[in-house]
Amino acid sequence: VAFTSVAADPSIVNLGQGFPDIPPPQYIKEGLAKAAAVDQMNQYTRGFGHPSLVKALSQVYGMVYGRDIDRFKEILVTVGAYGSLFSTMQALVDEGDEVIIIEPFYDCYVPMVQMAGAKPILISLRLKPTKSTNISSGDWVLDPDELASKFGPKTKAIIINTPNNPLGKIFNREELQMIADLCIKHDTLCFSDEVYEWLVYKGHQHIKIASLPGMWDRTITIGSAGKTFGVTGWKIGWSIGPEHLIKHLQTVMQNILYTCPTPLQEAVAQGFQRELKLMDDPDCYFYSLPRELQGKRDRIAQILRSAGMIPVVPEGGYFMIVDVSALSKLFQALAF
């Protein structure tokens, strides 16, 4: 918040703001204009998700998960992924519970857990020992024994974020299986924030933890139209999970926000329907966007290295963490 306020000065460039500077697809903008031109689309729609959007989400993610997803009982559309996270915490976390959060984490996780009356239990990703300056986000890992020690009788859930914001780490199958095994052993829920799921760079694979054996029934997976189509200002997100969990999120949504803007949901639905037909095509927007961003990622990493800094090259997402300690030494030398 402080950085954003300072960057309101037009002479300052904010390199940390979480939205793209490239335009969204033309068809998604045209879809909104067409939806708004239909009178009925400017009125309230179904509170738990516009019918055409939950249908599109069930089709796309049914393909991704390899299972049928009930569009009315296993999906909730919310005001952004923020709304999904808040609904999840309020619906499923109780006072006195503990929720495991992996550092670094998106800034709202801790206050949302605390607002539910629960205690955040933190565990850090740690850099594997290396003398190389070519560091990837995949070099940051969890210690299995430390992670296991965080689970206890009060543990209600663990929050994972893959690809991670801000590190860009994509948890691989082995890491996800380790987390899943602990969730099953301790009968713990998993809240999986996957808003950057399509921003995966070459050589890496995004795996949904809910697709692992025994995890569907205990996982809420969170997605975002803002990150999927580059329309962060639209604030359309969703939660996907089993009916016995989603129904509680729906109760929260019903009594806090009730519904989301109809024309925005319709435009997102049409966008998903368009890309659904291209899911096996390299030109699908879900695959072409990360190809475009990968070139930008590599270029900025090279610029940072040439300036003496050490970038942590992300496997996914559109953030890059940078070690600037070399600059501190340079400034100290200049001071003398």
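Predicted model: local features only at pLDDT ≥ 70, side-chain atom pairs only at ≥ 80, totals over all residues.

User: What makes Tyr318 partly exposed?

Analyst: Tyr318 has a relative accessibility of 23%.

User: Why is the pair of Tyr196 and Tyr318 called edge-to-face?

Analyst: Two numbers settle that one. Ring centres have to lie within 6.5 Å to pair, and those of Tyr196 and Tyr318 are 5.3 Å apart. Planes over 60 degrees apart count as edge-to-face, and here the angle is 80 degrees. Tyr196 sits in the loop between β8 and β9, Tyr318 in the loop between β11 and β12, so the pair ties together parts 122 residues apart in sequence.

User: Then why is the pair of Trp198 and Phe286 called stacked?

Analyst: The cut-off for stacked is under 30 degrees between the planes, and Trp198 and Phe286 are at 15 degrees, with 4.2 Å centre to centre. Trp198 is in the loop between β8 and β9 and Phe286 in helix α11, so this pair links parts that are 88 residues apart in sequence. Trp198 is buried at 14% relative accessible area, and Phe286 is buried at 1%.

User: How do you know that the charged end of Arg297 sits over the ring of Tyr201?

Analyst: The distance limit is 6 Å from CZ of Arg to the ring centre, and the charge must also be within 35 degrees of the ring normal. Arg297 is 4.8 Å from the centre of the Tyr201 ring and is listed as sitting over it. Arg67 does likewise with Trp216, lying over its face at 4.2 Å from the ring centre.

User: Which elements give two or more residues to the lining of the second largest pocket?

Analyst: That pocket holds about 510 Å³ of space. Of its 19 lining residues, the closest to its centre are Glu197, Trp198, Val200, His206 and Tyr287. The elements giving two or more residues to the lining are α3 and α11, and α11 supplies the largest share, five residues.

User: What makes the space by Ile102 and Pro104 a cavity?

Analyst: In a cavity, a 1.4 Å probe fits but cannot get out. The structure holds one cavity of 30 Å³ or more, and the largest cavity has about 50 Å³ of space. Among its lining residues are Ile102, Pro104, Phe105, Tyr109 and Phe171. Strand β7 contributes the largest share of that lining, three residues.

User: Why is the bond between Glu103 and Pro104 called cis?

Analyst: Omega for that bond is about 0 degrees, and it is listed as cis. Pro104 is in the loop between β2 and α5. The bond from Asn165 to Pro166 is also cis, with omega near 20 degrees, and Pro166 lies in the loop between β7 and α7. These stand out because most peptide bonds are trans.

User: What makes Asp187 exposed?

Analyst: Exposed needs over 50%, and Asp187 has a relative accessible area of 58%, so it qualifies as exposed. Asp187 is in the loop between α7 and β8, and its phi is positive, about 50 degrees, although it is not a glycine. Lys235 also has a positive phi, about 55 degrees, and lies in the loop between α8 and β10. With a relative accessible area of 36%, Lys235 counts as partly exposed.

Technical notes: Residues numbered from 1 in each chain as written. Heavy atoms only, no water. Phe/Tyr/Trp six-rings, centres within 6.5 Å; stacked < 30°, edge-to-face > 60°. Helix = DSSP H or I, 4+ residues; strand = E, 2+ residues; numbered from the N terminus. Buried < 20%, exposed > 50% of the residue type's maximum accessible area, 1.4 Å probe, protein only. 1 Å grid on protein atoms, 1.4 Å probe; cavity = no way out; pocket = protein on both sides within 12 Å on 5 of 7 lines; lining within 4 Å. Points joined across faces, edges and corners; volume = space filled by probe spheres on them.
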